[in-house]
Amino acid sequence: MRSAACQPLEDARSGVFADSAAGARVPISALKFAPPTEILTFTSYRPRGAAAHLASLTTALDACPSFSMPSRYGDRLSVDVARAEDQVPAGDASISFRMHWVTTVNGFTSDTYVLVTTIRSGEATLTDVADTGAGGQLSDAKKRSFLPQPDGRLLKSQVDALGRAQHA
């Protein structure tokens, strides 16, 4: 079910930060010729805005084990959501969650796995959205091997730089 309570989760995945003062997105591709599979979004907020944003994600995670959203083909997708087991210890506070949905187009079924990590540093956040897809014909064990994993070293270095920039 789609509800306002779940909206912060979809907004974080899609790069919508309505209450932010400013932001910048950086796509990352593991292969130079491949489409980006990861996007870093740096966002600044007015006083207490970054903490409120993280709180809205926590509230949405508690309220929404699943929700529906429109696909790029116009139908509705059922999205499963869960807190990630591997949280990234960086910044002042952080939260990571996983999203999963299945699509079928022209008889081909595909699973999409997304890892969203948001880290707060002062009045700014870094949100990392990493996604991958796997063919529906694969076993569940094989599909799990494609789950995006957080790059803790990259995220920590970027959040440290974000913190320094706020105090410069």
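**Entry 1. Terms and model**

I take helices (H or I, at least four residues) and strands (E, at least two) as DSSP runs, numbered from the N terminus. The model I am reading is predicted.

I looked up its backbone and found a positive phi of about 70°, although R48 is not a glycine. Is R48 buried or exposed? With a relative accessible area of 65%, R48 is over the 50% cut-off and therefore exposed.

I then turned to N106, which sits in the loop between strand 5 and strand 6. N106 is not a glycine either, yet its phi is positive, at about 50°. I noted a relative accessibility of 80%, so N106 counts as exposed.

**Entry 2. The disulfide**

How many disulfides does the structure hold? I find one. It joins C6 to C64, with an S to S distance of 2.1 Å. I read the torsion about the S-S bond of C6 and C64 as about -95°, so this disulfide is left-handed.

I also checked what the bond connects. C6 is in the segment before helix 1 and C64 is in the loop between helix 2 and strand 3, so the pair ties together parts that are 58 residues apart in sequence. Both ends are out of the solvent by the accessibility count: C6 is buried at 3% relative accessibility, and C64 is buried at 2%.

**Entry 3. Helix 1 against helix 2**

Next I looked at how helix 1 (7-14) and helix 2 (49-63) are set against each other. They pack at an angle of about 120°, and their axes are 8 Å apart. That angle makes helix 1 oblique to helix 2. Which residues meet there? From helix 1 I list P8, L9 and A12, and from helix 2 S56, L57, A60 and L61. Sorted by class, this contact has six nonpolar residues, one polar residue and no charged ones.

I listed the buried residues of helix 1 as P8, L9, E10, D11 and A12. Helix 2 is one of the elements they pack against; the others are strand 3, strand 4, strand 5, strand 6 and strand 7 (124-135). Just after helix 1, I noted that G15 takes a positive phi of about 85°.

**Entry 4. The nonpolar cores**

I went on to the largest nonpolar core, which has 20 residues. The members that touch the most other members are L9, F67, V81, F97 and M99. Helix 1, helix 2, strand 3 (66-70), strand 4 (76-83), strand 5 (93-105) and strand 6 each supply at least two residues of this core. Apart from this core lies another, of 10 residues, among them L40, F42, A90 and L162.

Leaving aside neighbours within four places in sequence, M99 contacts L9, E10, R13, F67, V79, D80, V81, T112, Y113, V114 and V116. For background, nonpolar side chains in soluble globular proteins tend to be buried together.

I looked up L40, a member of the core of 10 residues. L40 lies in strand 2 (residues 38-44), and at 4% relative accessibility it counts as buried. Beyond four places in sequence, L40 is in contact with A24, R25, V26, I28, L126, T127, D128, L154, L155 and Q158. I also checked L40 against S14: the two are 26 residues apart in sequence and 11 Å apart in space, C-alpha to C-alpha.

E38 lies in strand 2 as well. I find it buried, with a relative accessible area of 16%, which is under the 20% cut-off. What does E38 touch, not counting residues up to four places away in sequence? I list V26, P27, I28, D128, V129 and A130. E38 and D128 are 90 residues apart in sequence, while their C-alpha atoms are 6.9 Å apart in space.

**Entry 5. S121**

Last, I looked up S121, which is found in strand 6 (residues 108-121). I noted a relative accessibility of 9%, so S121 counts as buried. Leaving aside neighbours within four places in sequence, S121 contacts D92, V159, L162, G163 and Q166.

How values were computed. Residues are numbered from 1 along each chain as its sequence is written. Side-chain values use heavy atoms; hydrogens and water are left out. Buried means under 20% relative accessible area, exposed over 50%, partly exposed in between (1.4 Å probe, protein chains only). Contact means heavy atoms within 4.5 Å. A nonpolar core is a set of buried Ala, Val, Leu, Ile, Met, Phe, Trp, Tyr and Cys residues joined through side-chain atoms within 4.5 Å. Axes are lines fitted to C-alpha atoms, for helices over the stretch in contact, and angles run from 0 to 180 degrees between N-to-C directions. Angles under 35 degrees count as roughly parallel, over 145 as roughly antiparallel, 65 to 115 as roughly perpendicular and the rest as oblique. Ala, Val, Leu, Ile, Met, Phe, Trp, Tyr, Cys and Pro count as nonpolar, Asp, Glu, Lys and Arg as charged, and the others, Gly among them, as polar. A disulfide is a pair of cysteine sulfur atoms within 2.5 Å.
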